[in-house]
Amino acid sequence: MAEENTIIARVLASPLDVDKAAWNALLARQAHPTPFMRHEYLAALHESGSATPRTGWTPRFMTLWDGEELAAACPLYLKEHSYGEYVFDWAWANAYEQHRVPYYPKAVIAVPFTPVPGSRLLARDTALRTLLVQAVTQWCEEEGISSVHVLFAADDDVQTSASQGLMLRHTVQFHWKNVAPTLPAAQGSLPPEGALHASGRPFESFDDFLSSLSQDKRKKIRQERRRVAEAGVTFRWARGADIRAEDWEFFYRCYERTYLEHGNPPYLTRAFFAAIAAHMPEAWLLFVAERDGKPIATSLIAIGAYDSWASGQNDSKMVAYGRYWGALERVDCLHFEACYYQPLAWCIDHGVVRFEGGAQGEHKMARALLPVQTTSSHWLAHPAFAEAVERFLEREGQGVNAYMESLNDRLPFRQGT
């Protein structure tokens, strides 16, 4: 690194080569830390065999050092495929193949199998974040890597990437906010759908939340919940160390079954969940559906109660992340109850400010998970392909903007004050 003689770049072959305390301290300084960027989570992915060279995720963590202090770092993986990323570039890979230009291996700066937006380029300041991007692209050029992809990046990462010439790509997710919407008083007529604004008041109860929705959405949710209740299904929840070992075991049975029913083995191993249960238990909330005293389904939610120097995030500003679910029995509407209604009710009762529902899923809007734009950034070494992708992203971006506008024109809230 010629720009600063005191800064040394090191590429590490395993997350285990980075000191846990140093990594987590650097993460805590970022504006948008999440539990999924914690050293414990990344180490569990590696040690459990979930994200390793055998599964197509070869770690090459980029780190910058100021003497003995970790000054910047990012989770960098070399990929031989595009599975488990949730920002889809198969068309790009096919175009490379048609022109007999290798696309793989490519480099991704991401949390494997985890489409949750958050800080990816960990750095003490903007200058070091810039050096980190430069170090990654320079190393990839030297190693003959086709491209770099920073997935589900935080705003600071996006701004730094753009300043270094990386191309931006936008996708849409659906998030719920614990804020009761109101409609400003109208003069003569109601404003159009989508003119809602937040009053700043959190919901007082699930019924309070339902009262904010339009009549048809309210009716639909009540019908879905009634079907589950009439099927004799009840729920219990446990958080952190209160989640029993047998509950973790039952969760994995459900999770594995659901993947296998769709014709694929699960991305994450039983050992992975054992590791996160042991090393970061406070980050997990488990819902268990029972019928006739027997468990039949589960959903696992992550809780981000991570102190951040930059944003002041703490327990009073918890964020919940819908992650995994599975069932051993089929019950009408059980998925909606386990993955949305039970978690939302818990979030309201515990003052959680936001529930992120994961990748894709326009059906989530009917449950008041609203569209938000997520961003990734991309660097391609081949000039001609980079130019073609830039044109593609411009057209795609226009389509995403139009899609966002159409979604915002049909928000699920009732009109009137």
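**Aromatic pairs and helix packing**

Reply: A search of the whole structure finds 33 aromatic pairs, where rings of Phe, Tyr and Trp (its six-membered ring) pair if their centres lie within 6.5 Å, and planes under 30 degrees apart count as stacked, over 60 as edge-to-face and the rest as tilted. This is a predicted model, in which local features need pLDDT of at least 70 and side-chain atom pairs count only at pLDDT 80 or more, while totals for chains, interfaces and linings use all residues. Residues are numbered from 1 along each chain as its sequence is written, and side-chain values use heavy atoms, with hydrogens and water left out.

Me: Which kind of pair do the rings of Phe36 and Tyr41 form?

Reply: A pair of aromatic rings is described by the distance of the centres and the angle of the planes. For Phe36 and Tyr41 the centres are 5.3 Å apart and the planes stand at 85°, so the pair is edge-to-face.

Me: Is Tyr259 buried, partly exposed or exposed?

Reply: The rings of Tyr259 and Tyr267 have centres 6.1 Å apart and planes at 70°, so this pair too is edge-to-face. Buried means under 20% relative accessible area, exposed over 50% and partly exposed in between, with a 1.4 Å probe and protein chains only. Tyr267 has a relative accessible area of 28% and is partly exposed, and Tyr259, at 25% relative accessibility, counts as partly exposed.

Me: How many residues of helix H2 are buried?

Reply: Helices (H or I, at least four residues) and strands (E, at least two) are DSSP runs, numbered from the N terminus. H2 spans residues 39–47, and its buried residues include His39, Tyr41 and Leu45. Tyr41 has 0% relative accessibility, and the helix is mostly covered, the buried count out of its nine residues being eight.

Me: Why do the buried residues of helix H3 lie on the same side?

Reply: In H3 (residues 90–98), Trp92, Ala93 and Tyr96 are buried. They cover an arc (taken from the directions from the helix axis to the C-beta atoms) which puts them on the same side of H3, because that arc is only 100°.

Me: Which strands and helix do the buried residues of H3 pack against?

Reply: On the other side of H3, Ala91, Glu97 and Gln98 are exposed. The buried residues, with contact meaning heavy atoms within 4.5 Å, pack against strand E8 (147–150), strand E9 (167–177), strand E17 (370–380) and helix H11 (383–408).

Me: How far apart are the axes of helix H8 and helix H9?

Reply: Axes are lines fitted to C-alpha atoms, for helices over the stretch in contact, and angles run from 0 to 180 degrees between N-to-C directions. Among the residues that meet are Trp248, Phe251 and Tyr255 in H8, with Arg270, Phe273 and Ala277 in H9. H8 (residues 245–261) and H9 (residues 270–279) pack at an angle of about 145°, with their axes separated by 10 Å.
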